[in-house]
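These are a few notes for someone opening this entry for the first time. Please keep the structure in view while reading the points below.

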Amino acid sequence: MFLDLILLAILLAAVSGLPGLVMPRSSVWGERIAAACMAVAAVAGLAGVVGGLRGAGGAACGFPWPAAGNGVVGLDALSAFFLAPILLVGGIGPLYGLGYWPQRIHRRNGRKLRLFWGLLVAGMALLVIGRHAMSFLLGWEIMALSAFFLVATEDERKESRRASWIYLVATHVSTLTLFGLFALWRSATGSYLLEPVSPETLRLGTRHLLFLLALIAFGIKAGMMPLHFWLPGAHASAPCHVSAILSGVVLKMGIYGLVRWLALLPVPPAAWGSIVLALGVVSGLLGVVYAIGQHDIKRLLAYHSVENIGIILMGLGIALLGRSTGHVGWVVLGMGGCLLHVWNHSLFKSLLFLAAGAVVHGAHTRQIDRLGGLARGMPWSAAGFLVGAVAICGLPPLNGFVSELFIYLGLFHAALAGSAMAMVGVPVLAAIGALAVACFVKVYGTAFLGVARTPAAAHAREAPVTMRMPLLILAACCAVIGLAPVLVAPALDASTRCWMAGVAPGTPAIRGLAPLGGIGALGAALVAGLAAAAVLGRRRHAARRARPAITWDCGYARPSPRMQYTATSLAQMIVGLFAPVLRPHVQHPRVDGLFPAPVAAHSHVDDAVLDRMLLPMGRRLANSFGWFRRFQRGLTQNYMLYILIMLLVLLGTLLPIRAMVERWLAR
Amino acid sequence: MIHLIIHLAVLLILPPLLLGVIVKTKAWFAGRVGAPLLQPYYDIFKLMRRSLVLSTTTTWIFRAAPLVTVSTALLAGLLIPIGGGGAPLTFAGDLIFFAYLFGLARFFTASAALDTGSAFEGMGAAREVTFACLSEPALFFALLVLAKVSGSLSLTGMLLGTTGAGAAHATAPLVLISIGLFIVLLAETCRIPVDDPTTHLELTMIHEAMVLDHSGPLFGLILYGAAVKLLVLGTVLLRVVAPFTFGRAWLDWPLYLVEILGLAAVIGVVESIMARLQMRHVPYLLVGALLFCGFGFILLIR
């Protein structure tokens, strides 16, 4: 019954963009129908998710696909857990799109965007309910390809085309690794079904290989350092609500894959937990450090996704460590932190991207240093961004704090029991928190506070109500999870139990291990205290109005917007501290003479993996294969000929030559 | 109940006196009479009665920041044991809540600084958020040591549990993290050698630069919040350095008062005999704190 709701949601999502295709480009009904379809799909699907989390998923359902026997889908708590963000963000995105990407302005690509949005959501939902390699891969490829078309929505821009091609290459490396993974799984277990196997079935070497392949394939998708290289470009050049779903939800499919595979593989060695934890530490720290160096608000948010994936991986690492050493408490805390951070990140990162979309919509630029003072013109979007910023920094009383608290507690337990990686993890997580605060002070303070730095920013107007509604929904979710974490405890318990199924049937509840009531009550007390103080202060000062004045600038009477501290200057000290890793390019201008000519200074931070390793390597490879061009004639017949020759050669190697030789010798 | 009332009274009333003691100590070193011990109280009361001057560039964030500073500091004060007994509020993992409350205050203070659109306040905000990136890991290393020594994950358990029988081998780590925590305390409460609260040159300030535009009651709240933060962090340090209690409330409270005022005097001495570090040297000092705390932890688990 609940699985049927999910299947209905998938179907609705998949067809949501089709009516728009048959309507004229000038019609607004296509986008309205799509938004309604996605909203209904989200509501139906979320009802199914609630059932799934209660453990009422029902029997698995086969769908006929002759090429691979039967593709099987089923709904368990883990699937339901990951379905929730897919459906929520997938459902409110088209609503946001009504205001942000209206058909009457974006006639050329609006229909394409909505078609692939629906397919993306359907693909991801299919992927998480897949119980068979084929249905998993089907969902995976639908997701990967529709994400490609979404990144390339504005394919007339060179930047978008470049980002989408890099993304396509990366995602196919990931898919190819998945082929290897499933082939190995099939040969080791004799089945394409994704079900836990007994420890005797898999030899240790096979298990290691499966883990490594899964780590690479899903790590690329999740944007784990150093496999994140495709991520900043792709997320920055897509339309903002697409960035929201790419960052908030699509990355989580990598995490889902990893979590699901680790549930399938029996008895993880302790080294796996340490490896995942170490990768989490690296991704978390470098992600936030790179984010601080960015000037483009969307690129900055994209790097923050790398950071948050790092935090999620730290939780997963703790859970793995607990599983291999038999500490069930670590598993509950680590898995609770990992899973809750998946939800939290999908909420606050979508919120931030959607609020950034409102900024782009209003001020027509993504450069933080060209914004300023937006909180006056667009107070709702500014408030939404503030909620997202406080949440992503992991500060109480919002949701980011709750999941980070679980991970901290898990790390503390593991560190006190002598796990070396966990000892590194505690101070690194603290540093990540402080760096995230620095980064979001930079963005929020520069973009939304102060005075507008450009006329465009000064004239920015608040986004329409269709764009504000999604912000409100997401911000409310952030606040609810932060103030009443007990509400999500059953979902976390069900999913953790599902992950541990067959290993430790009686896993304890997260409620007994983490102070859910305590942080909820203290957070509520903080909010109530602040609200009371604000009311009191307002009442007291209602009588005596505050005197307006200009900002104090050492007695200077006419401060100008250009005298404000810029985001670049704000980040300069931290970029300097991490200069050996970031290697920022700084161009200092020469100023000489009594009346120097106007000069400009530049500074930017390249991506270490893409710009400093992959691209130069690719260029060198391309140069050294220059001789290969003589085979490139540009004639289709030529290429067909090559294919024929290749096939003949392959067939030749398949000939039973050895048997023939033996037979000949025996004669 | 009585303990709770005294706890609240000390937390609410005592903090400005610490500022008075520091100023008096500095005056004594300089051979001056100095301001009265209670001068910070007079200042705060006077500021609270004055009217506001608000920069035309500011939004509600600017007015909210002082409230956030004070309320987070007071809430943090409810999580730590003052005097002999435990904290009014305690649960496993409250140490993380404690640390992140200051993060929340930092977020709002620095944002409020940027709200004014002044380059000086931006500079102060940049310094504040940068230095916190170094002092936070040091603080968490120290918390790890305390958790390991006491075997507890709540602040009350950690800060009152370092005198047990099993803690004898932990003396060296505790000494190391005391040094680290003292540096973190000086940095977080904006004292010399990291920051000079009495400087008159905007370019060299950290915390003071961030609050240049706050006036009247808002500035009074900021002063008071800073004093509460000094009391709270100072109490944490005291419980590590001198974890002794008599087990009798009527002796423990006076002992605590002597200790915390003594700590303020020590800070005054440090401020008198040291110069403020060059801004580019501050990170070295904070990395030093991180090293002290980190080596303390390594000593403990060897």
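1. The model is predicted. In chain A, helix α19 covers residues 465–483, and its length can be checked: at 1.5 Å a residue, its 19 residues should span 27 Å, and the end C-alpha atoms lie 26 Å apart, which agrees.

2. Which residues of α19(A) are buried? They are M467(A), P470(A), L471(A), L474(A), A475(A), C478(A), I481(A) and G482(A). Seen down the axis of α19(A), these buried residues fall within an arc of 125°, so they line one face of the helix. An α-helix has 3.6 residues a turn, so residues three or four places apart point the same way.

3. On the face of α19(A) turned away from the buried side are the exposed residues V465(A) and L472(A).

4. The largest nonpolar core has 330 residues. Those with the most contacts inside this core are W261(A), F412(A), W499(A) and F107(B). Helix α13 of chain A (residues 328–363) gives the most to the core, with 22 residues.

5. Leaving aside neighbours within four places in sequence, W499(A) is in contact with residues including L78(A), V259(A), L262(A), L316(A), R323(A) and M335(A).

6. In chain B, V240(B) sits in helix α10 (residues 216–241). Is V240(B) buried or exposed? Its relative accessibility is 6%, and because buried means under 20%, V240(B) counts as buried.

7. Not counting residues up to four places away in sequence, V240(B) touches L146(B), L159(B), L174(B), I177(B), S178(B) and L181(B). V240(B) and L181(B) are 59 residues apart in sequence, while their C-alpha atoms are 9.1 Å apart in space.

Note on methods. Residues numbered from 1 in each chain as written. Chains lettered and ligands numbered in written order. Predicted model: local features only at pLDDT ≥ 70, side-chain atom pairs only at ≥ 80, totals over all residues. Heavy atoms only, no water. Helix = DSSP H or I, 4+ residues; strand = E, 2+ residues; numbered from the N terminus. Buried < 20%, exposed > 50% of the residue type's maximum accessible area, 1.4 Å probe, protein only. Contact = heavy atoms within 4.5 Å. Expected span 1.5 Å × (residues − 1). Arc of directions from axis to C-beta. Core = buried A, V, L, I, M, F, W, Y, C linked by side-chain atoms within 4.5 Å.
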